[in-house]
Structure formats: C-alpha cells, structure tokens
Amino acid sequence: MLLPGLKGRTFRDGPVPRMADSGAMALAGVDEVAWDLLSHAYGAATDVPDLLRALTDPDPAVRENALDAMYGAVHHQGDVYDSTVAVIPFLLRLVADRRRPGRAAVVELLAGIGGAGDTGPPTAEGARAGEAVGAAYPLWLELLSDHVPAVRAATCFALLACRDRATGAAAALRQRFEAEGDARTRTAIVGAVAELARRADDGAAAGSWLAGVLRDDPDPGVCVAALTQANTLAAHGGPPVAVETALTLLAERGAGAQRRRVDLGKQVLGLSRSMGDQVAARVDLLTALLRSPDRGCRMSALLPAGDLVEGWRADFVPLIALVAEQVTLGPAATRARAVRVLETMDVLAAPAADALVAALEGSARIVDESAMDRRSPWVVRWQSGGSGIGPALCALAGAGDPRALPMLAWALEAEVLPRNVGEYVGRFGARAADLAPLIVRRWRDLRP
C-alpha cells in the first residue's frame, strides 16, 4: 500500500513498504523517497530526511531548529513544493503517535502546508497538499480530544484545511467546545468556527453560538475572542455587536484577567480591528477602557489606541490625551507601554507633549537598557555597549516639540554618541540650526 499523499512520487527501490505502528515506524520508508529528484526553496531536497529525523529528537532545541528549517525550506514563506507534498505522510505519522513530544508545532506546520489559512486559489502542488492534509480528517477529529491541550488548539487550525468537510468540522468543533477545559483551546475553537462561517458566508448560526459563548464562558480571554469573531460575522449575516456589550464584558472581566495574568491587550487589539471603519465606535470603546479604574483595562487599550491612530483619520486628540495620562499616572509597566505607543504616532503624538516632557524632566538622563521600562531616560545605554535615544525623547522629537532640542543637544555631547541622535535632530530642520556648531564638532571627532 502506498503512503497517502505520495501516489505518483518517485522512489529509488520500488513502492513504499507497508508501515507498522505510527510510533517507532513513523519515518520508515523515508530513505526510499528520491529526495534528490524533489526540490524545496534552496534546491534539491536531500536534507529533508535529516530534518524529519530531527523532529523526532528528544531534545526540544533540536526539534525547534528542525522545525525552523522546515519552514525555511520545505514551506518557505507559505510556498508548497513537490518535497512539501512528500513530507506530509511522515508528518502525519509523527502527530498520530501520542507518545511523541512537540506534536503541536508539527500540527501547525501541517495546517499551513494544507492551506488552512489561505484565501486565494492554490497552486497545483498546493492543491495536492491540501488534499493530502484534508484526507487526514479522521485523524484531526481524534486529535480534538488529545491529552495535550496545545495539540488540541493546533488541531482547530488544521481542520480549516479540510475544505470539503467544513460542515462536519464546524459541528465537531462546537461539540468539543462543550467538553473543553483549556481556555486557549476554547479560544482556538471560537476562531475556527467563525472562520468556517465566514467562508460559507453564513454568520447567523455561528453568531448565535458565539452569543452563547459570551453569555456562559467564564474565561475573559475566550469571551473577548468570541466578541471579536462575532463582530467579523456581522458582514456575513451574523447579529451586530454593540459597543456597550464590549464595554460591559471588558469592565466585568478586567480585574479577573489581571488576577489570572491574562494580557487582554492583543485581544482588545483584535476586537478593535474587527470593528473596521467604525472609527467612532472604536474611539468610544478605547476611550472608555482608558478611563476605567481598572489597571488591566487601561493597559489593554494602549496598543489598540496606537493602532487606530496610525491606521485611520479622525479627531484623535482626546484619545491621545488619555494615552498621555498613562505616561505620568500609570504604574511602571503601563507608563512604558504608553510611551512606546506614543513613539509610533510621530507628529500625531503632539497632544501628549506635556506629559512626555514631565516624564523626561523627572527621569535620569541616561540609564541601562535593563532599567528602561521603569523610567523615561533621555538616552538608553545598551548591553552591547552602544546607546540610543530613549523612547520618550523619541516620541517628543517625533512630535516636533522644540522642548526636545536641549535634550538632544545634551545627547550630542555624551561621551558615547547615541546611534540615532542624528535622525531625531534632523527632523527639526532649520529649527535645529543652533545645534550646527556642536554637530560639526562631534562630526570631526568621529572615527572614519
């Protein structure tokens, strides 16, 4: 019997022999494949057998290096080659053996190879890979109840490659959700169910199911994920989600998330992005979070606020002013994140200039990189021995505020010249003319 997915492949010594169990014999027959006649991103695929063997190594570091190499060659930037199709049966055997460590990462690799996240038409080899991964549908159903939570979560993504079994996959995922105790896996199920509904352009049933998740699930991360996905289904016939619903959920869950050390920032970012061009509603959501008495809620709104300001046009001055408040009033971690967000806004950070100046004037002029998150230094001394302008001063200079010029002048006179000081001085153009003599002097001091 030929290995599934290898029909028509080239072998050195006739057909592939029968396999025994999926454990010790997982890679049996790998040397019978004519890898020298197959190719990947860097030429002949002769190194693939060694990469497959390394994926079975007991050392996690060896497995990780092998996985990186597989992504770099066999599945380079999402491409599929004839060698990519040839590795599928061996990878399937590896994930089927529940005694082996590291299977979750291999499931994710197989899902990518099978086109689980693709939206456009596949290439000829991509279609063959999709068929081979999709043909393992019974295995994916089994792995939904695997004893390793990470494998279960990765399997949700793999089921998206089973395009001709979408209805059954959605039903299996919803059924598994009822028994699933791991929050990360429930979040993955939520995403997979919603994606299947979007592909079918039928958001009504999935939207109703997600409403139940919002109502009943005890985990804040799962609920935010459900809310985000429900937003995306509104364009596919799903019920719309009101901003008030999001605010109520996040206000109720924020403190619990902090106790459980759940960072909702990325999830709130996804929620904000799911609202698309509803800029006013997104501003309302983030404004309410930044005004929340709960530190976790305020922290979670910072990255999404920066993302919104960078990507859309509107009057963001009140929102930026709320971000600026966190520069001086928030705890250390919140202050550091707020400064980083303002740094990305460039000239749009102008409403935060007073807060940035206050933070800079109250901080040491130069600190080590390891202490940077607890302060707002003018210059950061890197572990490598060099230095650079600190994030708060970068944000102030990027906003074009002239109060940054004396601080940049001090940086120009530092014994170790900050590597990016010229970039920020240059932003002021003629307004930095008074620094010209100092610049010339330091230029003469520089080594060729």
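D346 sits in the loop that runs between α17 (332–345) and α18 (353–361), with helices taken as DSSP runs (H or I, at least four residues) numbered from the N terminus. This is a predicted model, where local features need pLDDT of at least 70, side-chain atom pairs count only at pLDDT 80 or more, and totals for chains, interfaces and linings use all residues. Residues are numbered from 1 along each chain as its sequence is written, and side-chain values use heavy atoms, leaving out hydrogens and water.

**Positive phi**
- D346 isn't a glycine, yet its phi is positive at about 55°.
- D346 has a relative accessible area of 31%, so it's partly exposed (between the buried cut-off, under 20%, and the exposed one, over 50%; 1.4 Å probe, protein chains only).
- Q77, also no glycine, has a positive phi near 50°.
- You'll find Q77 in the loop between α2 (60–73) and α3 (82–96), and at 72% relative accessibility it counts as exposed.

**Largest pocket**
- About 420 Å³ of space lies here (a pocket is an open set of 1 Å grid points, over the protein atoms alone, where a 1.4 Å probe fits, with protein on both sides within 12 Å along at least five of seven lines; lining residues have an atom within 4 Å of a point).
- That volume is the space filled by probe spheres set on the points, which are joined across faces, edges and corners.
- Its lining has 24 residues, with G114, P122, G126, A127 and G130 nearest the centre.
- α4 (103–113) and α5 (124–134) are the elements giving two or more residues to this lining; α5 has the largest share, five residues.
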